[in-house]
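Dear colleague,

Please find below the structure that I am handing over to you, together with its sequence.

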Amino acid sequence: QMYLRLMGFFTLSCVLEMDTTPESYLDLFPLEAIVYLTPDSENVLEDIDPDKVYVLGGLVDESIRKQLTLRRAREQCLQTARLPIREYMVKAPNSRNYHSETLAINQVFDVLSTYYETRSWPAALRAGVSSGKGYVLPDTAEQ
């Protein structure tokens, strides 16, 4: 299990801490503090709350059934959120007409850590969403 907790205050001394443990996040944190990040959530992550623990969905293979992480979060009665890819990025034309909001764990971590540092979703998404996902920021869509 992997979870992400932001440590510190809203200053330059904030620390982004990622832990892995065999223990369940359900046993480590109160349910109301957990936000399960899943690309299938209806809720957009607008800001990072230092009092929350963010669980990264952890799918390694995109061929795994759609909405699996959303169902898992709902079964556990957890809050869910998705990264604001649709809100800040546009679909880029590509030969395969491929567009995916499913990111690898390291990409999600890059997005969250960059956002926490910059407080800018465009900068964060630029850092973590590769062009191979079929999404780009509007200012780079024509390039």
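Predicted model: local features only at pLDDT ≥ 70, side-chain atom pairs only at ≥ 80, totals over all residues.

Residues are numbered from 1 along each chain as its sequence is written, and side-chain values use heavy atoms, with hydrogens and water left out.

Confidence

The predictor's confidence in each residue is given as pLDDT, from 0 to 100. The protein chain has a mean pLDDT of 81, with 78% of its residues at 70 or more. Helices (H or I, at least four residues) and strands (E, at least two) are DSSP runs, numbered from the N terminus. Confidence is lowest in strand S1 (residues 2-7), where the mean is 50, and highest in strand S5 (residues 79-81), where it is 96. Over residues 6-15 pLDDT stays under 50. For that stretch the model has 19 contacts beyond four places in sequence, a contact being heavy atoms within 4.5 Å.

Two strands are taken to pair if DSSP finds at least two bridges between them. S3 runs parallel to strand S4 (residues 53-56), to which four bridges join it. S3 also runs parallel to S5, with three bridges. Tyr36 has a bridge partner in each of these neighbours: Val55 in S4 and Thr80 in S5.

Helix H2 (residues 68-75) has Leu68, Thr69, Leu70 and Ala73 as its buried residues. After H2 comes Cys77, which has a positive phi, near 60°.

Aromatic pairs

Rings of Phe, Tyr and Trp (its six-membered ring) pair if their centres lie within 6.5 Å; planes under 30 degrees apart count as stacked, over 60 as edge-to-face and the rest as tilted. By this rule there are two aromatic pairs. Tyr25 and Tyr36 form an edge-to-face pair, at 6.2 Å centre to centre with 70° between the planes. This pair links distant parts of the chain, since Tyr25 is in helix H1 (residues 25-28) and Tyr36 is in strand S3, 11 residues apart. Both Tyr25 and Tyr36 are buried. The rings of Tyr115 and Trp121 have centres 3.9 Å apart and planes at 15°, so this pair is stacked.

Trp121 lies in helix H5. Leaving aside residues up to four places away in sequence, Trp121 touches Leu45, Glu46, Asp47, Leu83, Pro84, Tyr88, Val111 and Tyr115. Trp121 and Ile85 are 36 residues apart in sequence, with their C-alpha atoms 8.8 Å apart in space.

Ser113, in helix H4, counts as buried because its relative accessible area is 15%. The side chain of Ser113 reaches the backbone oxygen of Asp110 at 3.3 Å. This is a polar contact, meaning a pair of N or O atoms within 3.5 Å; within protein, one must be able to donate a hydrogen and the other to accept it, and residues adjacent in sequence count only if both atoms are side-chain atoms.

Arg96 lies over the face of Tyr98, at 4.8 Å from the ring centre. The rule for this requires NZ of Lys or CZ of Arg within 6 Å of the ring centre and within 35 degrees of the ring normal.

Positive phi in loops

Asn97 has a positive phi, near 50°, in a residue other than glycine. Asn97 lies in the loop between strand S6 (90-91) and helix H4 (105-118), and counts as exposed because its relative accessibility is 61%. Arg119 likewise has a positive phi, near 60°. Arg119 sits in the loop between H4 and helix H5 (121-128), and at 34% relative accessibility Arg119 counts as partly exposed.

With kind regards

Methods
Buried < 20%, exposed > 50% of the residue type's maximum accessible area, 1.4 Å probe, protein only.
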